[in-house]
Amino acid sequence: MQLKYTNLFKPIVIGNNVQLSHRVVHLPTSRSRSTDDGENFPTDLMLEYYDSRSKVKGSLIIFESTLISPRSGLMPYKSGVWSFEQCKSLTLITDEIHANGSFVSCQIFAPGRTSNIHLLKKRGLPFLAPSPIYHSPDQAKTASHLNYPLQELTIEQIHDIQQDFVTAAVNSLTVARFDFVELHGTSGFLIEQFLSPISNVRTDEYGGSIENRCRFLKEIIEMFIKHPKIGSSKIGLRLSAWSTHSGMVYPAEEYPMDDTFPPYLYCLHMMSFLENLKQSGEEIAYVSLQEPRVSGSLDQNPSGRTNASLLSVWSGIVVRAGGYATNYKGDPSCIKSNNPNLEVVDGQIKHYSSLINDVDADDRTLIGFSRPFTSNPDLIERLRSDKKLDLYERGYFYTHQLEGYLSFGDFVDDELYSNTMKLPKEEMHRYGKSLVNYI
């Protein structure tokens, strides 16, 4: 079956009557093209990138992870939404997406213990996390070398950061003109640091039981719902039971991969919480769930892992993501996350069989893509017309120049690669210019 005849290319309504023309979602794809000047502004490279990926009217773009405030942690090459100038700069991107007839959600996050310690010390900001547990030995060495140790958040600081999330959401929706805000609850960032027992060993109301470890996130969601400028219909939430980013690795001898696996349990708890909100009339716009085939930019071995129970608990809109694109040029089996999805019949690969099965299983599922969008600006049309995809290039995922970011073109041929845009060397190697200069 061709994808154009599946639910993937049927319209769907999400949130407060936002009409999407199809169910292909551009996932938050952090590419480190924001400024590195300490001001955390988006750049002209990002403007061109998001313009090219939102050309199909009625698309949903989820903008990359965006910092909520300096005191909740800092990372280089990330945009922020705590200042008026940052938000007005972002309107150049959101306005372009809207001009294309598409919609955009801002994924907001706090780094917590994943912060860049050098930046924090330079700015005189505390290095904070739910518990003073470093995510790696190397990070502990850096903190020791700089004499800048990780500190446990006080209750007052927790409440301050929760308020920073609220302010960031309001700024995103009212000043930066995003349509939704997505809470980033995975990748080892602050929200997941509260959720996980390997990073949260507190003994107060924010630690210990699953209920307590989920309290930080649940209170933020409740604050969003009650706020007159946010509300439930503009909220998205990103979760994963399988992320191994930033030290979120569970030793097999301590945490067997069964129904007691801690990330699965806290995700299940949060999905039940969201379903209860839905039943009470406060349904959030969507939940984005990472499939076990991938963790961020990494492939994984998903043996025995499934999101089935999570999906059975939540009855609202879901964005399923991870390894769904299979029809790449060359040998598709070279991509490990593809292999579980490569159904072979009579020696022929039946591409997208898992995608078709999942998107057609109900009428509430959207399918998210991240890596394929990096090398296929026209991904939606390639999926619709059953054209092969250009393979992404990992080496450019987190570089900072134009090359590998805007050097991929639209479809040329099923056998010819489209990443052959001829630009002057100085243009390929240039860094982005801050959009604050254009407002």
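Reader: Which residues are linked with Asp378 in a network of salt bridges?

Author: This is a predicted model, in which local features need pLDDT of at least 70 and side-chain atom pairs count only at pLDDT 80 or more, while totals for chains, interfaces and linings use all residues. Residues are numbered from 1 along each chain as its sequence is written, and side-chain values use heavy atoms, with hydrogens and water left out. A salt bridge is a side-chain nitrogen of Lys or Arg within 4 Å of a carboxyl oxygen of Asp or Glu. By that rule, the network that holds Asp378 also links Lys329, Arg382 and Asp390.

Reader: How many residues apart are Asp95 and Arg177?

Author: The side chains of Asp95 and Arg177 form a salt bridge at 2.8 Å, N to O. Asp95 lies in helix 2 (residues 84-99), and Arg177 lies in the loop between helix 5 (155-175) and strand 8 (180-184); helices (H or I, at least four residues) and strands (E, at least two) are DSSP runs, numbered from the N terminus. The pair links distant parts of the chain, 82 residues apart.

Reader: Is Lys218 buried or exposed?

Author: Lys218 pairs with Glu211 in a salt bridge of 2.9 Å, N to O. Buried means under 20% relative accessible area, exposed over 50%, and partly exposed in between (1.4 Å probe, protein chains only). Glu211, at 38%, is partly exposed. Because its relative accessible area is 10%, Lys218 counts as buried.

Reader: How many residues are in the largest nonpolar core?

Author: A nonpolar core is a set of buried Ala, Val, Leu, Ile, Met, Phe, Trp, Tyr and Cys residues joined through side-chain atoms within 4.5 Å. Ile108, Phe165 and Phe369 are among the members of the largest core that touch the most other members. Phe369 has contacts (heavy atoms within 4.5 Å) that include Val24, Tyr324 and Leu383. The largest core has 94 residues.

Reader: Which residues point the other way from Tyr286, Ser288 and Gln290 in strand 10?

Author: Strand 10 (residues 286-290) is mostly covered, with 5 of its 5 residues buried. Tyr286, Ser288 and Gln290 point one way, and the residues that point the other way are Val287 and Leu289.

Reader: Which residue stands opposite Leu289 in strand 13?

Author: Two strands pair if DSSP finds at least two bridges between them. Strand 10 runs parallel to strand 13 (residues 318-321), joined by 4 bridges. Strand 9 (residues 235-239) is also parallel to strand 10, again with 4 bridges. In strand 13, the residue opposite Leu289 is Arg320.

Technical notes. Lists of a residue's contacts leave out its neighbours within four places in sequence.
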